[in-house]
Amino acid sequence: MDRMLFTGGTGFLGRNIKPLLDSQYIVTTCGISQDDMIRADLAREIPELDGHYDVVLHACGLAHLVPKSEAEKQAFYDVNYQGTVNLCSALERVGVPKALVFISTVAVYGCDRGEMITEEHPLDGYTAYAKSKIMAEAHLTEWCNANQVILGILRPALFVGRNAVGNLGAMVNGIRQGFYVNIAGGKAAKSFLMAEDIVRILPAVMRKGGIYNICDSQHPTYKQISQCMARQLGKRKPLNIPYWIARMLATAGDCMGKKAPINTYKLEKMVNTLTFSNEKARRELGWEPLNVLENLVV
């Protein structure tokens, strides 16, 4: 089996997919967790790798944080960009891999709304998170070209898996505790991706390389996702509130800070449809994503 270096392998994605990767590769994780096999803070150091790796899955990154200070903004660049630069330097010391797959994000497009956005969309990402990922993509493109490494850049939509983080995790917790509500009928559609689809697409993208949006093909609504979660948790269907009430609560939340369950930023995400096209990945890689509503497990 090929040797794989998996950065970020003990985070949310790693917890969901490493058991699957272990059946296909000899996996070594690298990161800051005590559970990582190679302990290193990529944001601040070039790690000492234990040998040559055939393939690299670079998923280490900072996300799910709305920065409140310049220091918090800088952290995105330190982890997502400088961490990528340091990883490349480390790989040069032990011999470059034949393929590297980078877990980027659809946030690079900078879209707050839209339907079936493709890889041709300009990289207009405006947050520190998006900009740092754009910079990392650019560095990897140059580095892999110079070192004849096959580069796959995957831009996933919102990950679905056990112990979800970010907005999806907040939805699960809200439903579990009985205070989650849909807004304006929960009609806004979103693109999601089962975490294990990363493993299912890896062999093809490692062979071919390229840049791909990866997401489900159903693009379920908030209502569909929340009701699916509620069924699994044995809870009643989430209630619905009109937009105008949610707007009032969000405005109050803007004044309350981090403790507020909703603010204007979160509200706009919940009421605007935002979907991405996976047609390129399906056509070029022969990959078909899992149906999120059929495979979601909270």
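Here are legends for a few close-up views of this predicted model. Residues are numbered from 1 along each chain as its sequence is written, and side-chain values use heavy atoms, leaving out hydrogens and water. Local features need pLDDT of at least 70 and side-chain atom pairs count only at pLDDT 80 or more, while totals for chains, interfaces and linings use all residues.

View 1. Strands are DSSP runs (E, at least two residues) and helices are H or I runs of at least four, numbered from the N terminus; two strands pair if DSSP finds at least two bridges between them.

**View 2. Strand β5, covered on both faces.** Look at residues 99-103: 5 of the 5 are buried, so β5 is largely enclosed by the rest of the structure. Buried means under 20% relative accessible area (1.4 Å probe, protein chains only). A99, V101 and I103 lie on one side, L100 and F102 on the other.

**View 3. The neighbours of β5.** Strand β4 (residues 55-58) pairs with β5 in the parallel sense over 4 bridges, and L57 stands opposite V101. With strand β7 (residues 150-156), β5 forms 5 bridges, also in the parallel sense; here F102 has I153 as its bridge partner.

**View 4. Strands β1 and β2.** β1 (residues 3-7) and β2 (residues 26-31) run parallel, joined by 5 bridges. L5 has T28 in β2 as its bridge partner.

Definitions and conventions. Buried means under 20% relative accessible area, exposed over 50%, partly exposed in between (1.4 Å probe, protein chains only).
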